[in-house]
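Work through these exercises with the model open beside you. Try each task before you read its solution.

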Amino acid sequence: MKTIGVMHMLLVQDMDRAIRFYENTFGFTILQKSAFWSNLDCGHGKIALCSYGNKTELKETTLIIEVDNYKDAVDRIKESGGQVLKVAEPYEGAPVYNVIMIDTENNQIVASQMVEA
């Protein structure tokens with residue numbers, strides 16, 4: 001068996017709105033799109049958006065999107081309709097800035113920038 005890659009699935013209420021958020025905020029591109037299931041290329045993996053059984057309450061997930069400028073990510077998240085909950089500063093053992101955010105579909109995710117050594 002050969003591992004092909006990693007995909008993370010998020011539940012969405014509005015497929016077009018969700019795609020716009022990830023395109024505008026992080027520059028992801030559409031690989032496949034339907035009202036039920038869409039795949040987005042994020043460079044080193046894929047994000048799957050699925051409208052099956054979606055819930056409107058906050059959906060916590062472990063999706064982390066690595067960025068090169070967390071301050072720019074904060075601005076883009078807000079401009080694209082997302083909500084920034086907090087920015088966690090680096091500390092010993094965790095050399096990253098973590099932008100904890102909620103996307104337009106109420107998924108809680110993190111945008112993370114590594115601190116250069």
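**Exercise 1.** Leaving aside its neighbours within four places in sequence, which residues is Leu58 in contact with?

*Solution.* Start with the ground rules. This is a predicted model: local features need pLDDT of at least 70, side-chain atom pairs count only at pLDDT 80 or more, and totals for chains, interfaces and linings use all residues. Residues are numbered from 1 along each chain as its sequence is written, and side-chain values use heavy atoms, with hydrogens and water left out.

Step 1. Find Leu58 in the loop between strand E4 (46–50) and strand E5 (59–66). Helices (H or I, at least four residues) and strands (E, at least two) are DSSP runs, numbered from the N terminus.

Step 2. Look for contacts, meaning heavy atoms within 4.5 Å. Leu58 touches Ile102, Asn106, Asn107 and Gln108, once neighbours within four places are set aside.

Step 3. Leu58 has a relative accessible area of 40%, so Leu58 is partly exposed. The scale is: buried under 20%, exposed over 50%, partly exposed in between (1.4 Å probe, protein chains only).

**Exercise 2.** Find the buried residues of helix H2 (residues 70–79) and say on which side of H2 they lie.

*Solution.* Step 1. List them: Tyr70, Ala73, Val74 and Ile77.

Step 1. They cover an arc of only 105° around the axis, so they sit on the same side of H2. The arc is taken from the directions from the helix axis to the C-beta atoms.

Step 2. Recall the general rule. An α-helix has 3.6 residues a turn, so residues three or four places apart point the same way.

Step 3. Turn to the other side of H2. Lys71 and Glu79 are exposed there.

Step 4. Find the cover. Helix H1 (15–26), strand E6 (83–88), strand E7 (96–102) and strand E8 (107–114) are among what covers the buried residues of H2.

**Exercise 3.** Give the strand order of the open sheet of four strands.

*Solution.* Step 1. The order is E5-E8-E7-E6, with mixed pairing. Strands pair if DSSP finds at least two bridges between them.

Step 1. E5 and E6 stand at the edges, each with a single partner strand, so one side of each has no neighbour in the sheet.
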